[in-house]
Structures are given as C-alpha cells and as structure tokens.
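Here is a short report for someone meeting this structure for the first time. Keep the sequence and the 3D view open while reading.

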Amino acid sequence: MDFKLESVKNARSLEGVKSKFGVLNDKLFRSGRLDHLTNNDIEVLKNAKILNVVDLRTITEQNERPDVLPSFISYYSCPVLDEETMGITRDDKSRVDIISLIRENAHDPNYAKRYMESTYLNLIQNQSAINAYKKLFDILLTKEAGILWHCSAGKDRAGIATMYVLLALGVEKEEIVKNYLKTNEYLIDENKIIVDNVKERHGEFLANQIKDIFFCDEEYIEIVFKYIYDNYKTVDNFLETVLGLNQHKLLKLQEKYLKK
C-alpha cells in the first residue's frame, strides 16, 4: 500500500511484511504523532480505512500536542511510560535536557547509547509499558481494522509495539529488525537538521551523542530480543506470560491480519 502522510515523516503501512504463516494485509499502520494532519492526510487515512488510532505517548505529550483526528477515527490513549521514566522525547525542551545530561557525563563517550539501552529495557520491563502494549493487543483483537499506533517520532515506543505485533503474527527476527531500522530512512532529513543544529551550537561530541538518541540502532532492539530469550526462552512463552497472548489469541490475530 502506498501510504504517505504530508505532515508525518515516519508513517507507513505494514502490508506485505512476510510471516511464517502468510503476509501482512493492509490493516496495520505505524507512525509518528498526528497533531497537525493536513486535509490530504485525512483523505489518506480515510482511503486506508483507518478507524482506530492508539497513542503511545506520555499524558504530558498527549496534552501538549494532542492528536487532531477526523470524526470517523476512534482514539485510544495508551501511554507506554510516564514522564519520569520516559525522560527524553523529540520536543525542544527535552533536547535541552538531554544536552545538559550529556554535558554532565562528558567523560563517557557512550553515555547516550547507554541511556537508550536503559530506555529499551524499560520498554520491556516496566509494568506501565507492559499494560499499554497489552491494551494495544486488546484493541487489535476486538476493534475493526485498520489500526494505527504511534508515539512522538514513531521510533522507540512504536518500534517496540511493532516488534511485538510482528512477533505475534509469526514474523522472523531478521524481518523485524529490518522494519525497525527502516525508520532511519524516514527520519534521515529531520534528524540531519537536528544533529547539524546541535553540532553548530554545541560541537561534534554532543552532536554524535544526539545522533545515538535520534537514530535507530540495531543494538537497541537486540537488547529487547536478548531479554526475551534470556528470561522466557521462547517468543511464544514471552507473548503468553507477559502480554497474555495465548494460542487462541495468536490464531485470532493471524486470521485477522494475515493473508495467504
């Protein structure tokens, strides 16, 4: 599906992703925030038959930049992490905060990477995150498709949501990592502006650390996979134990979102 939004760089359909059990159909979507949709964007959402939007941002993010959606779309607030746990987003204030943190830890050239690794562990360990992702699956199981989920940039919280959905649909790890890293292609221009701006104002050291935060890195998603295998041995055990997805629910998801 040719799914593009004028106001959201990182917006895409999951149609065509290959699974062990078939191919994903045209009912699942991921994106960044939807707070300034154009009239053309609304037509795209309508033509894609998107009827439900799941907002994974913090309550503060939702209040500061609320989604502005047409009346035919149902909206669901599912904050993955609270403000204190989430820490860094893509807004201007957050960027100032992370620059201050990096300066405080200037002795550590890998501070930003370690920060992101900690964030990704929170996305799989934190009970608030688990509850939000379980709610997403409840929506996927019970609501009429199509369904779109998003965070601020559609990168980390939405990236892990997508990982879980693809795992539930029987998609192999290699394909999941590829889909995750594809975000860098969608955000490259926006991220380059941010990194260049930081470099001009604060120097190359800070710019390189910002790059580690604003771009996807395979190491980040590998942390989540490692946590699953180390603690639950198999994907199916993780899906059932943590996300409540037993075989009956997995089959229902696969019947609903896969085509042969």
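In helix α11, the buried residues are Tyr220, Ile221, Ile223, Val224, Phe225, Tyr227, Ile228 and Tyr232. The model is predicted. What covers these buried residues? The cover includes α5 (111-125), α7 (157-168), α8 (173-181), α10 (204-214) and α12 (235-243).

Helix α11 covers residues 218-232, which makes 15 residues. At 1.5 Å a residue, α11 should span 21 Å. After α11 comes Lys233. The phi of Lys233 is positive, near 70°.

## Aromatic rings

The model has 9 aromatic pairs. One of the pairs joins Tyr120 and Tyr180, with ring centres 6.3 Å apart and planes at 85°. Planes over 60 degrees apart count as edge-to-face, so the pair Tyr120 and Tyr180 is edge-to-face. This pair links distant parts of the chain. Tyr120 sits in helix α5 and Tyr180 in helix α8, 60 residues apart. Are these two residues buried or exposed? Tyr120 is buried, with a relative accessible area of 0%. Tyr180 is buried as well, at 1%.

Ring pairs also build a cluster. Its members are Tyr133, Tyr164, Tyr227, Tyr232 and Phe238. Tyr227 and Tyr232 were named above among the buried residues of α11.

Strand β4 covers residues 28-31. Leu28 and Arg30 point one way from the strand. Phe29 and Ser31 point the other way. All four of these residues are buried. In a regular strand, side chains alternate between the two faces of the sheet.

Which strands pair with β4? Strand β1 (residues 12-13) runs antiparallel to β4, joined by 2 bridges. Strand β7 (residues 147-150) pairs with β4 in the parallel sense, over 4 bridges. Arg30 has a place in both pairings. Arg12 stands opposite Arg30. In β7, the bridge partner of Arg30 is Trp149.

## A three-stranded open sheet

An open sheet of 3 strands has the order β2-β3-β8. The pairing is antiparallel. Strands β2 (18-19) and β8 (258-259) stand at the edges, each with a single partner strand. One side of each is therefore left without a neighbour in the sheet.

Strand β3 covers residues 22-24. Strands β2 and β3 pair in the antiparallel sense, over 2 bridges. Lys18 has Val23 as its bridge partner in β3. Strands of a sheet pair through backbone hydrogen bonds, either parallel or antiparallel.

How many disulfides does the model hold? The count is 0. A disulfide needs two cysteine sulfur atoms within 2.5 Å. The closest cysteine sulfur to that of Cys78 is in Cys151, 13 Å away, too far for a bond. For Cys216, the closest cysteine sulfur is also in Cys151, at 9.5 Å, again too far for a bond.

Cys78 is buried, with a relative accessible area of 2%. Cys216 is buried too, with a value of 8%.

Asn191 lies in helix α9 (residues 183-202). Asn191 is buried, with a relative accessible area of 0%. Where does its side chain reach? The side chain of Asn191 meets the backbone oxygen of Phe214 at 2.8 Å.

Lys256 lies in helix α13 (residues 247-257). Lys256 is partly exposed, with a relative accessible area of 23%. Leaving aside residues up to four places away in sequence, Lys256 touches Asn25, Lys27, Leu140, Leu141, Thr142 and Lys143. Lys256 and Leu169 are 87 residues apart along the chain. Their C-alpha atoms are separated by 9.8 Å.

Note on methods:
Residues numbered from 1 in each chain as written. Predicted model: local features only at pLDDT ≥ 70, side-chain atom pairs only at ≥ 80, totals over all residues. Heavy atoms only, no water. Pairing = 2+ DSSP bridges. Buried < 20%, exposed > 50% of the residue type's maximum accessible area, 1.4 Å probe, protein only. Contact = heavy atoms within 4.5 Å. Polar contact = N/O pair within 3.5 Å; in protein donor to acceptor, adjacent residues only side chain to side chain. Expected span 1.5 Å × (residues − 1). Phe/Tyr/Trp six-rings, centres within 6.5 Å; stacked < 30°, edge-to-face > 60°.
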